[in-house]
Amino acid sequence: MSALLATDLKGKTAIVTGGATGIGRAIATALAAHGVRIAICDLDADAARKTASALGTEAQGFAIDVSQRARVEKAFAEIESTFGFYDILIANAGVSTMNRAIDITDEEWDFNFAVNIKGVFLTNQAAVRHFLARGKNGVIVNTASLAAKVGAPLLAHYSASKFAVLGWTQALAREVAADGIRVNAVCPGFVKTSMQEREVAWEAKLRNLSPEQVIGEYVAQTPLGRLEEPEDIAGLAVFLCGPLGQSFSGAALARSRSLVFCADGGGPARGPTAAEKTPITASPTRGGSVYGVRLSANLVDVGPVARHSAAVQSGCRPHARAGAGGTRRRPRAVVGERGGDDSVLHLSAT
Ligand SMILES: NC(=O)c1ccc[n+]([C@@H]2O[C@H](COP(=O)([O-])OP(=O)(O)OC[C@H]3O[C@@H](n4cnc5c(N)ncnc54)[C@H](O)[C@@H]3O)[C@@H](O)[C@H]2O)c1
């Protein structure tokens with residue numbers, strides 16, 4: 001896979017917003033490793049330049065505030081005059097604050113929306129105009145969040161802004177598909193960055209828990225049984241930019257919770273109780289009902305009988321892997337994501 005990606009991405013140029021640190025820096029590093037020239041854009045211009053110089057001579061840092069049209073246009077014009085063109089936009093800059101919904105202030109609401117969705121709108125618009133003017137294909141990857149798929153308590157304003165990112169991503173993807181431009185999103189879960197450190201401290205205070213208890217809850221909600229690393233998200237972004245991602249547009253990829261996984265490869269912290277067994281209605285177009293086990297608010301295990309066929313019907317390739325003796329085994333559990341209206345059972349696959 002690595003060779004395919006490298007072949008296709010070499011010589012391309014990418015803008016990475018919020019690229020000075022955290023997930024953005026990991027995406028920039030992964031793209032640079034595949035021969036992509038990188039424009040790191042960040043509110044913290046010094047940190048952007050520092051990160052760029054660590055990536056080598058094919059990377060440069062630029063100052064930007066993604067929430068301000070004039071600052072976006074200035075930075076993108078500087079990038080164009082430095083590199084001549086760009087093919088990829090990673091719209092990753094984002095902020096969060098944490099508060100109970102009843103206590104969220106106008107300032108918090110506006111701050112989250114200004115950076116998280118207006119920033120995506122402004123940078124995506126500038127990039128699409130550039131791609132159209134060049135008459136060439138382009139790729140956009142927006143960093144949304146797991147909180148864009150499932151409402152996150154204490155993050156209602158952040159969640160709302162990230163749901164908006166997915167709405168924008170899907171609509172734009174449909175609008176520009178005929179121009180050869182692909183627009184997708186990645187949905188990080190609980191990723192070890194400075195944003196997470198701030199959120200753990202806020203949540204511990206708001207819920208009167210220790211930071212360790214908060215982190216324990218994050219891990220328990222993650223099928224992989226560990227916090228995500230920035231590099232996990234970088235892998236998704238590189239995938240979406242490269243040849244293996246060519247058929248993806250309007251998609252929102254997550255590494256945790258909505259991924260198919262094997263129960264014997266790391267599952268939920270505890271098994272579901274009998275009381276949690278819930279009938280789940282499968283897509284009417286596929287007919288019938290699937291009875292599943294609710295694992296959390298939005299996840300269901302579709303059950304031992306249905307899980308294999310449901311995965312196949314949904315276009316998922318059931319996850320199988322070599323056992324100790326080299327034989328391939330069926331998964332013991334396939335987990336799907338339940339649609340908000342209970343009418344559709346989404347099963348996702350890797
Ligand atoms: N860390 C997580 O668990 C997590 C989970 C879900 C989604 N995300 C999303 O991933 C993205 C990156 O998050 P992170 O965890 O790396 O955060 P981070 O705080 O570690 O890094 C964010 C970067 O964005 C920059 N930035 C902030 N406001 C900006 C602005 N107005 N203009 C330009 N740059 C700006 C910051 O200076 C910083 O370098 C964000 O969109 C975030 O919402 C993170």
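Two strands count as paired if DSSP finds at least two bridges between them, and strands themselves are DSSP runs (E, at least two residues), numbered from the N terminus along with the helices (H or I, at least four residues). The model is a predicted one, so to speak: local features need pLDDT of at least 70, side-chain atom pairs count only at pLDDT 80 or more, and totals for chains, interfaces and linings use all residues. Residue numbers start from 1 along each chain as its sequence is written.

On those terms, V139 stands opposite R182 in β6. The strands involved, β5 (residues 138-143) and β6 (residues 181-187), run parallel and share six bridges. They belong to an open, parallel sheet of seven strands, ordered β3-β2-β1-β4-β5-β6-β7. At its edges sit β3 (59-63) and β7 (252-254), each pairing on one side only.

Turning to the core, the largest nonpolar one (buried Ala, Val, Leu, Ile, Met, Phe, Trp, Tyr and Cys residues joined through C-beta atoms within 7 Å; buried means 20 or more other C-beta atoms within 10 Å of a residue's own, with C-beta atoms placed from the backbone) has 75 residues. I27, I38 and A237 are among those with the most contacts inside it.

Terms used. Buried ≥ 20, exposed ≤ 12 C-beta atoms within 10 Å, placed from the backbone.
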